[in-house]
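Colleague: Please put the model up, and then we can go through a few residues and a pocket.

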Amino acid sequence: MPTATDHRPLLHRRKGRLTLEFAPGEVQSEMDLRDPHRLVLAYARAMMCFVLFQPRPAHIVMVGLGGGSLAKFCHRYLPHSRITVLELRADVIALRDSFAVPPDSERFRIVHVDAALHMPELAGSVDVLLLDGFDAGGLPPALASARFYADCRRALRPDGLLVTNIFSYDPHFATMVRRLHQAFDGHVAQLRGIAGNNRIVFAHRRAPGTRTRAAALMRRVAAWGSPWPGLGFGPFNRLLAHHVVAGLRQDAAQRHDDAQQRNGA
């Protein structure tokens with residue numbers, strides 16, 4: 001019987017965009033060919049809201065490369081961050097040049113590995129962990145188990161943040177959120193109404209007895225209500241994500257202009 005990983009990645013060019021699909025019509029990643037670093041999909045912009053909690057993470061780990069939208073965005077617009085991408089599929093990694101994913105370097109690398117097996121090796125080394133490891137069958141069970149979430153928490157440094165993309169219609173959605181609550185002692189919240197059926201869930205490894213930006217924001221987000229806390233309401237969240245992404249791009253443009261002025265002086 002074929003498995004989800006038997007579906008070969010499909011590339012489609014249409015209307016100035018390149019998409020990655022594991023099944024016809026089911027877009028996993030999308031790139032604007034005129035602006036390859038732009039985050040086209042709403043859920044990707046929503047995941048970048050982690051900078052509200054952790055504005056200068058030293059080490060970002062991503063589970064799932066896809067078309068590399070988040071990977072190359074973080075590489076370009078968070079120059080202080082080192083980025084490690086864990087990707088199970090060699091055929092997906094082989095498409096990195098098609099999606100303008102940067103080559104491996106001191107700051108950036110893609111590791112061909114099973115993230116569920118590799119996560120324990122990262123203990124205490126990660127500031128932000130982004131989970132977006134979908135295949136043709138959805139979110140693999142191994143990337144949503146209680147054990148995996150516990151390993152993710154141990155991979156984070158104190159005050160570290162996990163951000164995961166989960167489909168609201170997944171029959172195991174409530175179970176996954178409950179497991180995150182258990183693994184992170186209830187320090188969990190989500191952005192609601194920000195990207196259709198994509199739910200962006202944040203989990204914080206709170207450092208006991210310390211007051212940090214991340215801890216303060218998590219308390220503020222949780223204050224919006226229960227049982228599924230979220231930051232404001234849908235339209236506000238969508239505007240917030242656009243603002244965060246635009247701000248990062250503007251900061252990069254300003255750094256470029258400043259560097260040109262210094263070089264021309």
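Colleague: Is Asp132 buried or exposed?
Modeller: This is a predicted model, in which local features need pLDDT of at least 70, side-chain atom pairs count only at pLDDT 80 or more, and totals for chains, interfaces and linings use all residues. Residues are numbered from 1 along each chain as its sequence is written, and side-chain values use heavy atoms, with hydrogens and water left out. Buried means under 20% relative accessible area, exposed over 50%, and partly exposed in between (1.4 Å probe, protein chains only). Asp132 has a relative accessible area of 17%, so Asp132 is buried.

Colleague: Which side chain does the side chain of Asp132 join in a polar contact?
Modeller: The UniProt annotation "active site", from an unreviewed entry, covers Asp132; such annotations may be inferred rather than shown by experiment. Beyond four places in sequence, Asp132 is in contact (heavy atoms within 4.5 Å) with residues including Met47, Val63 and Asn165. A polar contact is a pair of N or O atoms within 3.5 Å; within protein, one must be able to donate a hydrogen and the other to accept it, and residues adjacent in sequence count only if both atoms are side-chain atoms. At 2.6 Å, the partner of Asp132 is Tyr43.

Colleague: What is the length of the polar contact between the side chains of Thr84 and His59?
Modeller: Thr84 is in strand 5 (residues 82-87), a strand being a DSSP run of E of at least two residues, and a helix one of H or I of at least four, numbered from the N terminus. Thr84 is buried, because its relative accessibility is 3%. Its side chain and that of His59 are joined by a polar contact of 3.0 Å.

Colleague: Which backbone oxygen does the side chain of Arg96 reach?
Modeller: Arg96 sits in the loop between helix 4 (90-93) and strand 6 (108-112). With a relative accessible area of 15%, Arg96 is buried. Among the residues that Arg96 touches, leaving out those up to four places away in sequence, are Val101, Asp104 and Phe108. The side chain of Arg96 reaches, at 2.5 Å, the backbone oxygen of Pro102.

Colleague: Which element gives the largest share of the lining of the second largest pocket?
Modeller: About 210 Å³ of space lies in the second largest pocket. Of its 14 lining residues, those closest to the centre are Val51, Pro55, Leu78, Leu248 and Asp251. The elements giving two or more residues to this lining are helix 2 (50-53) and helix 9 (234-264). The largest share, six residues, comes from helix 9.

Terms used
On a 1 Å grid over the protein atoms alone, a cavity is a set of points where a 1.4 Å probe fits but cannot get out, and a pocket is an open set with protein on both sides within 12 Å along at least five of seven lines; lining residues have an atom within 4 Å of a point. Grid points are joined across faces, edges and corners, and a volume is the space filled by probe spheres set on the points.
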